[in-house]
Each structure stands twice: as structure tokens, then as C-alpha cells.
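Have the sequence and the structure open as you read.

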Amino acid sequence: MLTPPIRFTPALEQREPDEAETIADLNRSFDIILDTTATDYGKAVRAVHAKAHGIVKAELTVHDGLPDEYAQGLFATPGRHAVWMRFSTNPGDILDDAIGLPRGLAWKVLDVDGERLAGAEGRTQDFVMVNAPAFAAPNPKKFAGNLKLLAKTTDKAEWAKKALSFVLRGAEAALEAVGTESTLLKTMGGAKNVHPLGETYFSATPFRHGNYVAKYQVVPVSGDLTALTDTVVDTSGRPNAIREDMQASMRDLHGVWEVRVQLLRDTEKQPIEDAATPWDEADSPFVTVATIRAEPQDSWAADKVAQVDENLRFSVWTGLAAHQPLGGVNRVRKPVYQHSADYRKRVNGCPMYEPDAPGKA
């Protein structure tokens, strides 16, 4: 028998007294990454998840007849919405795919009505996910520390990163062989070079889910996608191998993913302020609330790259008040993600915008 879900209240969050200092630290690390990469590439790129592997246009169908605790926010009204999906890896520099890194999926839902989060423009709802059930750092200070390490390695000897990645992948494989894993090892280059389309993605951090609190998950379910699960991409002599393999796959692929919700039921077992602790599915299972479908397409078409990769931003703070990001890591992401977007806008001279019609992106 499952414990009933806990209703949202602002008291669930416990702010750290020095979060403003941590935000300043994060922005300093972001500036190191942004300044370095802008000089290297002649344009500003994202401070994290700079390298995209594919852009996919899809459709979200919110299911009918959901139980009340799941039919919240975006998922309260059955219907269909256009979606943009951006698959990526996590560093702020654009690296050779031989370096094993975690996968990211940012997806933007269009034509979403409802009360907006403060400062959230347009009529969209963003979800920013990784292929791991927990965030790489438990709190804002650890997040700032990890980012400082990444900033120090930006634009440093790619050959050395490849060698280090080989060593770290071996270390991570040894850990997984005995039933454990290291998020930090994966973040620093020890992740398996898996195909992005076969991966399960997680919000990792908690969010308001209307009257409740939840984490989110996107799971590949169609045969075309599950056939790619755990497929390791051959990166030998192919610096953009992941992008090339994804493009080849999407030409004939019918993709179906389920969007699932995991409700907060126990604040001790499912902490709000510790983003590095996954919520055990035995305590609160994921429940499907919607489906994403994508038809065969060119996932690296020039118009998609120009429109989505260059001109859109993805942030957990773009969306409905009913999906307010929760916890310290999410709180500091708001100003630092905006800082990165403002940098790109200023350096590239191109405004960021939120698409407001299914055909526009």
C-alpha cells in the first residue's frame, strides 16, 4: 500500500543562507567557460550542454482519465502539443565524441496555457533532463564546486581528455560490475558512449506538480528506440559520431516515449534539498501521464539547427507556476541559466525567444 502523496507547500523547501554567494561562484565559473568557448568558436555557446547531437520535432499527447494527483499542471488537460527535443552531452565545450559523457535531453512543449512562473515568457513548458535518476551534486555548494572543476578543464588538451575518459570508463565499469556507480566519474568522462535515442531520461531534481510534488522521467518504449538501448556508439576517428548515428537512425525511426511522474510521498526518503539522492521507485513508482511521438526526420537539418540549437534556450524556470522547480540546486539554476542565455544573446547579437505556434521554433 503506497503512502498518499504529499501536497505542495512552500515550507517543503529549506533555503541555505549563503545561496547568493553560491550563485556568484557559479556565474564566475560560467563566465570562464563562456569566455573561453566564445573565443575558440567565434560565437557564444551554452555554458553547459553546448554540444547537441540531434534536434527532433515531436508531438506530446497528454492522456485522458488520469487520477487527480497526476492530472496536474500541463497534464491536467488531455490534448496534443508540438514539442522540440534537443539531445546533448553535458560540458560547455564542444568535444570529440570519444570522450564518454552523460546524455542530456531538453524538451520544450508549445502552446501551454496557465499561470506562468515569474519571468517566464511565452506559452511553453521546458523540461531539462539527464540519463541518470539523480543530479551530479546534492546541493548548490557542491554544484558550484563541480562546475569549477569543469571550468578549469574547458579548452584543455582534448587528447588528454580522451585518455582520461578511457581510464574513467574502466573505473566506472568496475563499479557497475559490483552494483554501484559514480555520477562524478560519469560527469568527468567515465560514461559509456551510448546512443541518445535509447536512453531513459530523468528530471533528477524535484518540481511542483500542481497541488503535489514530483520528479519526471521520459522512457523509450517503441521498438525502434528500445533496440538502441545500451548501444555503444563507435567513435573511432569520428569526432561527431553520436550526431551522425542519431541522424542515420532518425531517418527511418518511429519514436515513442512515455512521460512518467513520480510523486513525493515521504520527505525523509525523498528529500527535496538533496538533489543527488534518487527517489526509490519502491516508495513511489513512476506513472505514465503522456506520450511523445516522433516520425522519421532529419535530426540535424540546417533549419532545425539554426532555429532551435542557435536561437532557443531551455531552462527549468521556463514554464507554468504549477511546475515550479524546487530545492537548492533548482533555485540557483534560475539566475545562472539566465546569465548564460544573456551572454549568448549579447555576444551573438541574436535574441532568445519562446516559440508560440506549433509550426514555429
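## Where α1 crosses α8

In this predicted model, helix α1 passes helix α8 in a right-handed crossing. The two axes come within 10 Å and cross at roughly 35 degrees. Helix α1 covers residues 19–41, while α8 covers residues 328–348.

Which residues of α1 meet α8? They are E19, I23, L26, N27, F30, D31, L34, D35 and A38. On the α8 side, they meet G328, R331, V332, P335, V336, H339, S340 and Y343.

## D35 and Y343

D35, in α1, makes a polar contact of 2.6 Å with Y343, side chain to side chain. The two residues are 308 places apart along the chain, yet their C-alpha atoms are separated by 9.3 Å.

Is D35 buried, exposed or partly exposed? It counts as partly exposed because its relative accessibility is 40%, which falls between the 20% limit for buried and the 50% limit for exposed.

## R103, a buried arginine

Now turn to strand β3, residues 103–109, where you will find R103. This residue is buried yet has no salt bridge. The nearest side chain of opposite charge belongs to D97, and it is 6.6 Å away; a salt bridge would need a distance within 4 Å.

What does lie by the R103 side chain is a backbone oxygen: that of V194 is 2.9 Å from one of its polar atoms.

## T235 and helix α6

T235 sits in the loop between α5 (223–226) and α6 (241–250). It counts as buried because its relative accessible area is 14%, and the limit is under 20%. Setting aside neighbours within four places in sequence, T235 is in contact with D97, A98, N193 and A241.

A241 leads on to α6, where the buried residues are A241, I242, R243, M246, Q247 and M250. What do these buried residues pack against? Their partners are the strands β1 (52–62), β2 (79–89), β3 and β9 (287–294).

How values were computed. Residues numbered from 1 in each chain as written. Predicted model: local features only at pLDDT ≥ 70, side-chain atom pairs only at ≥ 80, totals over all residues. Heavy atoms only, no water. Helix = DSSP H or I, 4+ residues; strand = E, 2+ residues; numbered from the N terminus. Buried < 20%, exposed > 50% of the residue type's maximum accessible area, 1.4 Å probe, protein only. Lys, Arg positive; Asp, Glu negative; His and termini not counted. Polar contact = N/O pair within 3.5 Å; in protein donor to acceptor, adjacent residues only side chain to side chain. Axes fitted to C-alpha atoms, helices over the stretch in contact; angles between N-to-C directions. Left-handed = near helix turned anticlockwise from the far one by under 90°. Contact = heavy atoms within 4.5 Å.
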